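Subject: Structure handover

Hello,

Please find the structure below. My notes on what was found in it follow.

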Amino acid sequence: MQSFHANEHPHRRYNPLLDEWILVSPHRSQRPWQGQNETVVEDTRPEHDPSCYLCAGNVRANGIQNDNYTDCFVFENDFSALLKEEVSYQNDKTELFQLKPERGINKVVCFSPKHNLTLPEMEISAIEKVVKTWQEQYIELGSHDYINYVQIFENKGSIMGCSNPHPHGQIWAQSSLPTQVAKTQQSLEDYYKKHKTSLLHDYLKEELKLQQRIVIENQHFVVLVPFWAIWPYETMIVSKRHFGNIIAMTNEESTAFAEILKAITVKYDNLFETSFPYSSGIHQAPTDRTAHPEWHFHMHFYPPLLRSANVKKFMVGYEMLGEAQRDLSPEQSAAILRDLPTTHYKTKTI
């Protein structure tokens with residue numbers, strides 16, 4: 001009987017944040033690829049595009065003109081998935097047909113007036129303004145009595161469903177906890193009740209001891225490939241100090257957060273020498289006016305690229321019917337990302 005090796009043999013790993021398992025099949029990483037290849041084109045976007053709905057001074061689809069903004073610009077989404085208005089509803093749900101109205105506010109955050117400047121290409125000081133904007137929006141949106149969660153996220157790249165190439169993110173604030181957040185909330189609460197400490201704080205201490213999945217760190221934050229990562233080059237930013245939300249950061253931590261955001265996104269761009277697509281988002285304490293000592297600030301990056309700028313990971317078949325599966329072990333992807341430089345090169349887009 002062979003001895004088990006995590007980088008060679010199939011195995012399952014447990015995700016304590018979601019109470020789920022993932023199948024890891026590292027031996028499959030060498031299989032030949034004859035599937036879909038994404039098209040890579042040179043990035044030739046101008047600094048200002050007169051046809052872009054998000055560029056400074058331009059008119060959006062609904063006829064509203066953007067401010068002539070010089071750093072971050074925030075506005076309510078013209079095509080919001082959620083609406084602020086309260087509606088009357090008779091609760092006649094049954095066990096098999098459950099429905100309830102959902103209220104919320106959707107906002108768009110333009111990172112910069114420059115149409116061709118992504119986060120990894122921005123100066124640290126400019127990224128700090130993005131962080132400050134996120135903090136302000138967390139406070140503003142969370143102050144509404146019907147808002148209980150504020151989800152800050154970015155979809156980067158057309159293959160992630162981004163409908164406008166101007167670098168921007170979104171904020172969806174709503175009255176209920178979204179499903180993934182609710183599952184995380186339950187796991188964090190269960191761990192805190194049992195151990196009287198934060199799950200992610202304890203997890204980070206163990207990761208720092210092992211150093212197997214650490215990609216980069218500074219004085220206040222760590223970027224690591226989670227032990228339970230699903231996407232090939234998935235990472236998570238975790239704060240070293242225990243706090244629950246973005247407004248609890250000190251000024252030094254805000255700067256350090258901006259620095260590490262730039263560092264990991266530059267590494268991503270350098271991985272396949274392309275403007276690296278991903279979905280990213282911050283997970284933090286709800287805004288339900290309740291203390292949440294179980295929450296520990298963290299940010300997820302879910303990039304789809306697998307082998308090159310042309311090949312992406314698909315969540316189909318077994319993943320949709322069974323459970324999440326990956327071919328490259330988290331330790332292998334962490335080592336690859338760790339060795340990449342943090343000096344940016346001229347990117348291509350896909």
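A hairpin of 3 residues links β8 to β9.

Before the rest, the ground rules. This is a predicted model, in which local features need pLDDT of at least 70 and side-chain atom pairs count only at pLDDT 80 or more, while totals for chains, interfaces and linings use all residues. Residues are numbered from 1 along each chain as its sequence is written, and side-chain values use heavy atoms, with hydrogens and water left out.

Strand β8 covers residues 214–217 and runs antiparallel to β9, with 3 bridges between them; two strands are taken to pair if DSSP finds at least two bridges between them. Within this pairing, Ile216 is opposite Val223 of β9. Strand β9 also pairs with β10 (residues 235–239), again in the antiparallel sense, over 4 bridges. There, Leu224 has Met236 of β10 as its bridge partner.

In a regular strand, side chains alternate between the two faces of the sheet. Strand β9 (residues 221–224) has Phe221 and Val223 pointing one way and Val222 and Leu224 the other, and all are buried. Buried means under 20% relative accessible area, exposed over 50%, and partly exposed in between, with a 1.4 Å probe and protein chains only.

An open sheet of 3 strands has the order β1-β2-β15, with mixed pairing. Its edge strands, β1 (11–15) and β15 (325–326), each pair on one side only. Strand β2 (residues 20–24) runs parallel to β15, joined by 2 bridges, and Leu23 has Gln325 as its bridge partner in β15.

His9 sits in the segment before β1. Why is His9 counted as buried? Its relative accessibility is 18%, so His9 counts as buried. Apart from neighbours within four places in sequence, His9 is in contact (heavy atoms within 4.5 Å) with Gln2, Ser3, Phe4, Val24 and Pro26.

Helix α1 (residues 124–142) has 19 residues and spans 27 Å from first C-alpha to last, close to the expected 27 Å. The expected span is 1.5 Å times one less than the number of residues. Among the buried residues of α1 are Ile127, Val130, Val131, Trp134, Tyr138 and Leu141. An α-helix has 3.6 residues a turn, so residues three or four places apart point the same way.

Helix α3 (residues 199–210) has 12 residues and reaches 17 Å from first C-alpha to last, close to the expected 16 Å. Its buried residues are Leu199, Leu200, Asp202, Tyr203, Leu204 and Glu207. The cover over the buried residues of α3 includes α2, β8, β9, β10 and β12.

Pockets and the cavity

The search used a 1 Å grid over the protein atoms alone: a cavity is a set of points where a 1.4 Å probe fits but cannot get out, a pocket is an open set with protein on both sides within 12 Å along at least five of seven lines, and lining residues have an atom within 4 Å of a point. Grid points are joined across faces, edges and corners, and a volume is the space filled by probe spheres set on the points.

The largest pocket has a volume of about 710 Å³. Its lining has 25 residues, with Leu18, Gln180, His283, His300 and Tyr302 nearest the centre. At least two lining residues come from each of β6 (149–156), β7 (168–174), α2 (179–195), β11 (278–283) and β12 (298–302), and β11 gives the largest share, 4 residues. By class, the lining has 12 nonpolar, 11 polar and 2 charged residues. Ala, Val, Leu, Ile, Met, Phe, Trp, Tyr, Cys and Pro count as nonpolar, Asp, Glu, Lys and Arg as charged, and the others, Gly among them, as polar.

The second largest pocket has a volume of about 380 Å³. It is lined by 18 residues, of which Asn77, Val108, Ser163, Asn164 and His168 are closest to its centre. The elements giving two or more residues to this lining are β6 and β7, and the largest share, 3 residues, is from β7. The lining divides into 7 nonpolar, 8 polar and 3 charged residues.

The count of cavities of 30 Å³ or more is 1. The largest cavity has a volume of about 30 Å³ and is lined by Phe111, Leu119, Trp134, Phe153, Glu154, Ser280 and Met299. Trp134 is also one of the buried residues of α1.

Regards
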